[in-house]
Amino acid sequence: MTLFVERRRPALTPDLLVRVALAWAMICALLLVTTLSAMIGQRFPDPDDTLRLVQVRDLLAGQGWFDLAQHRAGATPMHWSRLVDLPIAAVILAVGTFASAPAAEMTALIVVPLLTLFACLFLVGRVAWRILGDELAVFACLSFAFCVPVIEQLRPMRIDHHGWQIAAVLLALNGLMARSPRAGGWLVGGGLALALAISLEGLPIAAVFMGVLALRWLRSRADRQWLVSAMQSLALVSLALHGATRGLDLAANCDAVGPVHLAMFAGGAVVLTITAAREPRPRGAALTGFALAAGGALGILLLATPQCANGAFAALDPLSRAMWYDRIREGMPIWQQSLPVVLQTLLPPVIALAATFRLAGRASGWLRCWWIDYAILLGAALAVSVFVARAGAVAGALAAIPLGWQLREWLRGARHLKRPLKKAMIYGGISVALVPAAPALLLVSAVPGQAQLSSGNGRPPPPGRCGLSSRPVTLAALPAGTVLAPLDVAPQILLATRHSVLATGHHRAPRMAAVIAAFLAPPAEARAIALRNGVDYVALCPDVAEPQNYAHDAPRGLSARLLAGDPPAWLEPVPRRGDDGWQVWRMRPAG
């Protein structure tokens with residue numbers, strides 16, 4: 001008995017939409033309930049979400065479309081894309097016609113992530129529906145929602161770019177199913193161009209997609225149009241998106257698509273188009289074309305921007321790298337993560353990869369090739385997530401389809417078991433596969449002293465304590481000025497007050513090193529840094545990790561003195577208003 005749909009179904013039917021919509025409604029209901037307290041308190045999951053709303057506010061207030069700088073943070077030139085700002089701004093404008101500005105913003109904070117979730121579920125469900133059948137569309141959607149690294153990027157209040165990048169990769173995946181190599185290739189290239197325009201961290205998975213299409217070319221010369229069309233689309237769509245969102249910006253940056261990357265894509269498209277036009281030739285000719293396209297792109301990158309050979313953050317100063325970038329948990333490899341994070345990042349894709357091999361083994365013809373291609377994509381995404389934990393979201397999204405099939409198979413097998421104990425063990429194993437971190441979290445919570453305040457978990461901090469999204473009520477009541485504050489809480493100051501900050505935690509921030517140096521330095525040196533940068537206030541949220549890290553690394557530094565309740569004489573304490581947990585000092589006049 002075959003387990004597959006031997007012919008790909010039509011691209012879209014009402015039945016598919018109904019199934020995806022039902023799954024989406026169930027998942028949305030669960031997300032709204034579990035994040036209700038965070039929505040009421042407007043507590044963002046990450047400082048990047050806070051700053052994203054600040055950027056959208058500035059855009060709606062009249063800041064130029066091509067002006068991405070954050071002018072209240074030292075004119076920091078942001079590498080973010082306006083593409084992600086568009087849906088947020090659109091919802092705020094639409095709702096703002098009949099509701100207050102706060103209500104319009106809160107609507108956007110809820111609606112935009114959930115709409116992104118629907119787009120992802122539709123793209124996942126569409127692949128499962130066309131390849132595996134009706135029932136698997138729902139199973140794939142539910143498996144997608146159970147993957148913690150994925151759903152964390154798509155819950156309410158999460159308005160940063162990661163959710164849209166997942167959707168763009170899934171759009172490229174849908175292109176691999178097209179009946180026409182030309183149309184499919186253009187969809188693959190367009191999806192990848194969108195992902196790269198949103199964030200250049202999608203470059204590794206884009207390279208893997210192109211490798212899969214190159215493999216199709218080698219399998220059959222008739223399939224060479226897949227790779228040619230994908231590269232042409234990547235080059236042209238990337239050029240169009242750059243012009244629409246960056247204008248005439250010709251800066252050679254390592255962290256965003258720019259002229260160098262556009263030249264790489266265009267060069268690859270030209271080489272592959274010429275190579276395809278000269279087919280049929282010996283296979284070595286195609287391999288030579290692949291090598292010229294890839295080598296030429298790499299050569300353009302290294303010759304035009306040799307500094308980018310060391311990665312997107314090559315220009316980061318040593319102090320900021322050591323004290324900030326190297327401590328960002330989501331950017332660390334998997335072996336530096338906690339056990340729950342390791343399990344929920346690796347286990348679902350590993351199970352899904354094994355299921356993909358089983359699917360390939362049971363298939364034949366084009367379907368067997370499809371699952372082999374899928375295994376390559378999923379395996380590569382899993383490998384990337386081992387070295388960069390936040391890449392686990394893309395791996396989890398790609399895992400949803402084979403994981404949904406495996407879940408259905410397990411449930412079918414369990415229904416036929418007659419021994420209750422064995423059936424219970426099977427269901428327990430299914431639960432662990434879907435939520436692999438649950439046993440580890442229960443174990444950790446059972447160990448005394450393991451509970452810590454987490455400002456990014458949606459729960460409010462205890463009274464008198466503050467988190468990354470705590471409102472600086474005391475600071476907001478002061479006349480506008482420049483605030484020296486830890487990098488992680490600086491976006492909240494920009495959102496909730498009229499003040500400027502010395503810098504935020506973004507690698508292009510020109511004064512990031514000054515913030516770190518000031519909190520590490522002895523009070524006299526810290527005062528000199530503050531005066532050089534026109535600081536009016538110093539503010540701390542003492543319960544978050546950053547100032548505590550500074551105090552640990554520099555026991556005699558400014559941060560250690562402030563946390564110990566021993567501010568230097570040049571700082572005047574500001575009486576606290578309410579119970580926001582913030583500590584604020586005013587700079588005393590010189591002399």
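By class, four nonpolar, three polar and three charged residues line the second largest cavity of this predicted model. In this classification Ala, Val, Leu, Ile, Met, Phe, Trp, Tyr, Cys and Pro count as nonpolar, Asp, Glu, Lys and Arg as charged, and the others, Gly among them, as polar. The lining consists of His242, Arg246, Asp249, Ala251, Asn253, Ala256, Val257, Gly258, Pro259 and Arg508. A cavity is a set of points, on a 1 Å grid over the protein atoms alone, where a 1.4 Å probe fits but cannot get out; a pocket is an open set with protein on both sides within 12 Å along at least five of seven lines, and lining residues have an atom within 4 Å of a point. Volumes are the space filled by probe spheres set on the points, with grid points joined across faces, edges and corners.

Two sentences set the conventions. Residues are numbered from 1 along each chain as its sequence is written, and side-chain values use heavy atoms, with hydrogens and water left out. Since the model is predicted, local features need pLDDT of at least 70 and side-chain atom pairs count only at pLDDT 80 or more, while totals for chains, interfaces and linings use all residues.

**Cavities and pocket**

The structure holds five cavities of 30 Å³ or more. Leu196, Ala197, Ile198, Arg246 and Val257 lie nearest the centre of the largest cavity, among its 16 lining residues. Two elements, α9 (181-198) and α11, each give two or more residues to that lining. Helices (H or I, at least four residues) and strands (E, at least two) are DSSP runs, numbered from the N terminus.

The second largest pocket has 18 lining residues, of which Ala207, Met210, Met231, Ala294 and Ala297 lie nearest its centre. Two or more residues of this lining come from each of α10 (203-219), α11 (224-245), α12 (259-277) and α13 (283-304). With six residues, α10 gives the most.

| Space | Volume | Lining by class |
|---|---|---|
| Second largest pocket | about 430 Å³ | 16 nonpolar, two polar, no charged |
| Largest cavity | about 110 Å³ | eight nonpolar, six polar, two charged |
| Second largest cavity | about 70 Å³ | four nonpolar, three polar, three charged |

**Nonpolar cores**

In soluble globular proteins, nonpolar side chains tend to be buried together. A nonpolar core is here a set of buried Ala, Val, Leu, Ile, Met, Phe, Trp, Tyr and Cys residues joined through side-chain atoms within 4.5 Å. Buried means under 20% relative accessible area, exposed over 50%, and partly exposed in between (1.4 Å probe, protein chains only). The largest core has 149 residues, and Phe144, Leu173 and Trp371 have the most contacts inside it. Helix α5 (residues 101-131) supplies the largest share of this core, 17 residues. Another core, of 30 residues, lies apart from it and includes Ala509, Ala514, Ile516 and Leu562.

**The sheet**

An open sheet of mixed pairing is formed by five strands in the order β4-β3-β5-β7-β6. Because β4 (500-501) and β6 (571-573) stand at the edges with a single partner strand each, one side of each is left without a neighbour in the sheet. Two strands pair if DSSP finds at least two bridges between them.

Strand β3 (residues 482-484) runs parallel to strand β5 (residues 537-540), and two bridges join them. Leu484 has Val538 in β5 as its bridge partner. On the pairing of β5 with strand β7 (residues 583-587), the strands run antiparallel and are joined by four bridges. Here Tyr537 has Arg586 in β7 as its bridge partner. Strands β6 and β7 also pair in the antiparallel sense, over three bridges, and Glu572 stands opposite Arg586 in β7.

**Cysteines**

A disulfide is a pair of cysteine sulfur atoms within 2.5 Å, and by this rule the count comes to one. The pair is Cys466 and Cys541, with sulfur atoms 2.1 Å apart. The torsion about their S-S bond is about 140 degrees, so the disulfide is right-handed. Cys466 lies in the loop between α19 (438-446) and α20 (473-476) and Cys541 in the loop between β5 and α24 (545-553), so the pair ties together parts that are 75 residues apart in sequence. Both Cys466 and Cys541 are buried.

Cys120, by contrast, is in no disulfide, and the nearest cysteine sulfur, that of Cys141, is 10 Å away. Cys120 counts as buried because its relative accessibility is 0%, whereas Cys369, at 28%, counts as partly exposed.
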